[in-house]
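Let us walk through this structure step by step, beginning with the parts of one chain and moving on to how the chains meet.

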Amino acid sequence: MQKFKILLITLFGFIYLTACEKKESTGPIKIAAIEPLSGPYAAVGKDIIDTVTYSASVINKNGGINGRMIEIVPMDNAMKAEKTTELLRKAIDDGIRFITQGGGSSHALNIIKQLEKYNSRNPGKEVLFLNNSAVTTSFTNEDCTFFHFRFDSNVDMKVAGLVSHMSKDNSVKKVYLFNQNYVYGQTFRKTATRMLEKNAPRIKIVGDELIQPFGKVQDFNPYITKIKLSGADTVLTGNWGPDAYRFVNALKDSGLKVKLFGIYISQPAGMAAMGKNLLFNDVVVVKEFNPTNSNAPSWYKEFEKGHIEATGWTPDADRMRFMFEMFKSAIEKSNSFEPKDIAYALEGMEGKSIDGGKVVMRADDHQIHFDMQALLLSEKQEQSILYRNQDFDMSYVNVGNIPMEDITLDTSCEMKRP
Amino acid sequence: MYSLKKNYKLILYFFLIFTLLFLPFLFTSSFALTLFCKMGVLIIFSVAYNMLLGQTGLLSFGHAIYFGLAGYASIHFLSGINNNYFPSLPIFILPFIGAFIGLALGFVIGYLSTKRVGTAFAMISLGFCELVTALTLIFVVFFNGEDGIQADRVTGNNYFGLTYGPQNEVYYLILFWCIFSVLIMYLLTRTPFGRMCNAVRDNQQRAEFVGYDVRKIRWMAFSLSAMFAGAAGSLHAINYEHIGFESVSLAQSGMVLFMAYIGGVGNFLGPILGAISLTYLDTMLSDMTEAWVLYFGIIFVIVIAYAPQGLAGLILMHDPIIRNKPSLLKKLAIPYVFFGISILLLVVGFTSLIELIHSLKSNHSVLKVYWIEISNQNFLIWIMFILLTILGILACKRSYTQTKTVWDEVIEDIKLGFIK
Amino acid sequence: MSIEVLLFIIFNGLLYGMFLFMLSSGLTLIFGMMGILNFAHASFFMIGAYLGYQISLYSNFWIAIFFAPIIVGYMGAMVEKYGLRNIHKYGHIAELLFTFGLFYIIEELVQMIWGKTPVSYKVPELLNFPLIQISGMDYPAYSIFRLVLSILIFLAIYRVLSKTKTGLIIKASLTNPEIVAALGHNVPRVFSNVFGFGCGLAGLAGVMAGNVIGTEPSMALLLGPIVFVVVVTGGLGSIKGALVASLIIGMMQTAAVSLELNLNNAFQYLGFNVDVNSILNHFTSITISQLSPIVPYLLLIIILIARPRGLFGKRDV
């Protein structure tokens, strides 16, 4: 009997605690940013939140959108899928109609699928998902939905960019694929194999490695030995985080000279662990812009300066900036704050890139398209990469432009529009 | 007298179930309901886990395997319904399938691991957990790597008009399963088998000597525990319509271990309390502060150091007083209030300090602590909170000794009552 | 397999194995002696790495490698004295959970002090040059330095445990604490010292490895389980066992990485081919190299089921 009394008391105590709910519909435009802010991936989430918050504040400084300000609501999912679901439901309960997310494709997929169900079950209360960095290709192929917009190029496009640049580089003859053994790494490897065979048949694939992901591998020497024995002159890798910087450091120690082609290998979050070891081998990455371009237009210089002041680092991605600018123009164009109207306005919308080009949101699959640049990491030029009050004393040098056409791929998306 | 007591118990039961049935009308937000559902699932899981830890005395680090793999199986069945392979399979029996998967896995892995007890058993379970986690990432065709698998629960035939679209229908499903399986697990502890488990836990040699095959009992307990964990995993999959590799990982196993232990392994209700409070804490703390992992860890360490019987033990400590001389509780009230206030002082001071230190890493100098905006540039504020923390520590020490003195007096009083 | 590959496997395995040994030798002592499965062992390793970074920032690496382990060891002893000793009476599970909680606390404290991203902890310039070369692969002086130092540490611990009076007392406290106490030795203090020493070893491993594998808040989480594998496989309290187990795991994992074989090859050898598009191919095309991460855990399970005292243990785990 006593036990049940105890149970009851706890239960009611807890009910009182949960009973604080709030509803809001006017005031600022709230955008929930669901990212990992604690645990082993906190660095990834923190970087995204920083840039997203700053980019939104720039919009606010220039008068907001139709008189309303943007408010970013950071939410911590600790990189757990179930927490993402809970937070999404919480955000919806709080009347938030816009979600942005980027760290971790599994979470993005979770949000896409949850919203697909929610939006079809609750017409008139739709929620829009602005995907800032999750790159799994299927989101704009078979998993595409009307309320999802991706402002980053997907894995296939990035690989296409890398291969396109690689095919022009005559020093690349034998390539070794080195990837993480999970969905992203496997997609990377599959796409790379396919595209190399199709677009650059002269390049031979001499090795294909999948390693256990997320920093579980401490010792990269055996892998480097394999690369060495295969006789490769180039390593094509999608690795990020510890899997990237431990590899780069071990490569430097082994004295093996190869070219490194990658996407995230020079992420600033890992640069502190690599330092000048990064320059031992030629590292080429593809990006939508050159973060250390000293010839950027003055309006961007201003944006950059503000970013460094607010966060202590050079913006590593330009997509958050044009994401909010396009979001703003979509609201102004549709003259509505309803996610459905905004989504229609965003389809086919064009924004401006830093170099005077344009970025286009393809209406067929809600995938952004832009010109990419192949960037080589080098000693400091005029401007160096700053990260959280450290100066890495390194810069990117543009070694080739990849026009939008080279990375425009077909989509299998069959968009259902409400 | 006895019958009155029995009736009282029945009324309590009835009242409890009645409240649980009406919860969705009190809390309509889908977040609150999701939280309740999560609690229900984790209650099943932690009670099942306690069958092993508390009742049979086996510490496992790999119980998430059964939870997670049953979840994977259920989600595959769910997408099987989605894709019209077996459209008439009702969703409410999915937990049976999960339970079966859990049982089968528990049977096999239990056969291998129950040969050993104690630390060896714990290490084997850790090995299995890491093994399965690694395999979920490698075997993409079944587990779909770190993306996990999605399915839609609004599917198939709607038996009894239930679509499981609205969260409250899922709530009732989980509520039903929660009451059902907790009841069975409770009844299991009352059977000879349950008693045998306790005997194996307390004194293996004696149990052997009486003529039981201890290993078989451990094996059985292991399989049954895995079975209920499987049912919980299945409900988890239905609740989130998604399952990922983190549900089989060491983190999930550690979480359920914490729930059972913090709640109190010595009591059947302990894990339930643990599941409710930790789920709540986990969700709420992470919402309020970035340093929540630190607070989480500190709370654990404090509970382990000062309340080894868990929350349930802390509450049940008062049981002899209530039963014998409830009037003595009044005597305890004042020291408790003082103790509470000292703890509050300490908590406010300490958490504010932590938040202040935390804010130094960010680029903002103004932060919000307990609804008040303060600046970390202000030297006085730092001194104030340091003083508050020290004051809290001193007050806690003092009121702890006071409470202990009063407590000892009260217990002495009751003992005297027995002698008389 | 050519001789070249074999040479690489042995040498890489040796380097990796000795790293594992440094990491887990401390826990072998702690676990063997006090029965505490210290989940926070890898956290002390992490603190060692961060302290190594911080001290070498203000002075140099050589001062760091001397002082950081001492500080970590002192912290460990304090944890034993003020935390674990009070919890001892509640049993091993409570002790283990205490260290589990400690793990969370240390992770978050490290994030609070040094931030969430890796810090730039560099290999000392003095040793940052290729020392030896094995058919075209350089091995820097720092790797060799780590190798030599860990061998020296093994020899020192081994000698202390088997040849000195201190070792005798430690080993006696391991089996018969009451009798040792009756002989006038302060057993709790011995325990504290052993715990501190074990943590100090982890700290030393951290100072030496942090600049190679990267110093970041998640390193403790990632290294946690592998430490247990070494300790359990080697046998309770056996420093020799820990060495052999580390080397076996190092060699096995390195060898597994080098094997590009899968079931498809085996089937081909037997005379039939697996369809590339079939579901079966998803399983049979996985190479041994890809399965290398599970090797240690398989070893752990097999050892515990077949021989629970480990390779050199004197009693069961």
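The domain assignment of chain A places residues 23-153 together with 293-370 in domain 1, and residues 156-287 together with 372-406 in domain 2. Where these two domains of chain A meet, the contact draws 15 residues from domain 1 and 17 residues from domain 2. On the side of domain 1 of chain A that touches domain 2 of chain A, helix α2 (residues 42-61) of chain A makes the largest contribution, with three residues. That side of domain 1 of chain A divides by class into five nonpolar, eight polar and two charged residues.

How far can chain A be trusted? Its mean pLDDT is 88, and 94% of the residues of chain A reach 70 or more. Residues 19-25 of chain A, however, have a pLDDT below 50, and beyond near neighbours in sequence this stretch has seven contacts in the model. Where pLDDT is low, the predicted coordinates should not be read in detail.

Two residues of chain A deserve a look at their backbone angles. Most residues other than glycine have a negative phi. A:Phe214, by contrast, has a phi near 60 degrees, a positive value in a residue other than glycine. This residue, A:Phe214, sits in the loop between β7 (204-211) and α7 (221-230) of chain A. Is A:Phe214 buried or exposed? With 20 other C-beta atoms within 10 Å, A:Phe214 is buried, because a residue counts as buried when 20 or more such atoms lie within that distance. A:His366 likewise has a positive phi, near 60 degrees, in a residue other than glycine, and A:His366 belongs to the loop between β12 (358-362) and β13 (367-369) of chain A. A:His366 is also buried, with 25 other C-beta atoms within 10 Å.

Turning to chain B, the reader will find 17 helices and four strands. The radius of gyration of chain B is 24 Å, close to the 22 Å that the globule rule gives for 420 residues, so chain B is as compact as a globular protein of that length. Among the contacts in chain B with a separation of 6 or more, 80% join residues 24 or more positions apart. Chain B is divided into domain 1 (20-293 + 301-310) and domain 2 (325-419), and 35 Å separate the centres of these two domains of chain B, taken over C-alpha atoms.Chain C has 13 helices and two strands. The radius of gyration of chain C is 21 Å, close to the 20 Å that the globule rule gives for 317 residues, so chain C is as compact as a globular protein of that length. Taken along the principal axes, the C-alpha atoms of chain C fill a box of roughly 70 × 45 × 40 Å. Buried residues account for 53% of the 317 residues in chain C, and residues 24 or more positions apart supply 75% of the contacts in chain C with a separation of 6 or more.

The contacts between chains come next. Chain B gives 36 residues and chain C gives 37 residues to the contact between them. On the side of chain B that touches chain C, the elements giving two or more residues are α5 (118-138), α6 (140-143), α11 (250-263), α13 (292-306) and α16 (329-361) of chain B, and the largest share, twelve residues, comes from α5(B). This side of chain B has 27 nonpolar, five polar and four charged residues. The contact between chain C and chain A takes 32 residues from chain C and 32 residues from chain A. On the side of chain C that touches chain A, α1(C) gives the most, with five residues, and the residues of that side divide into 16 nonpolar, twelve polar and four charged.

In soluble globular proteins, nonpolar side chains tend to be buried together. The largest nonpolar core here has 329 residues, of which B:Ile44, B:Phe45, B:Ala48, B:Phe228, B:Ala232 and C:Phe45 touch the most other members. Helix α2 (residues 30-55) of chain B gives the most to this core, with 18 residues. Leaving aside residues up to four places away in sequence, C:Phe45 touches C:Leu23, C:Ala202, C:Gly203, C:Ala205, C:Gly206, C:Ala220 and C:Leu223.

Definitions and conventions. Residues numbered from 1 in each chain as written. Chains lettered and ligands numbered in written order. Nonpolar A, V, L, I, M, F, W, Y, C, P; charged D, E, K, R; others polar. Domains from an automatic or database assignment. pLDDT = per-residue confidence, 0-100. Rg over C-alpha atoms; globule rule 2.2 N^0.38 Å. Buried ≥ 20, exposed ≤ 12 C-beta atoms within 10 Å, placed from the backbone. Core = buried A, V, L, I, M, F, W, Y, C linked by C-beta atoms within 7 Å.
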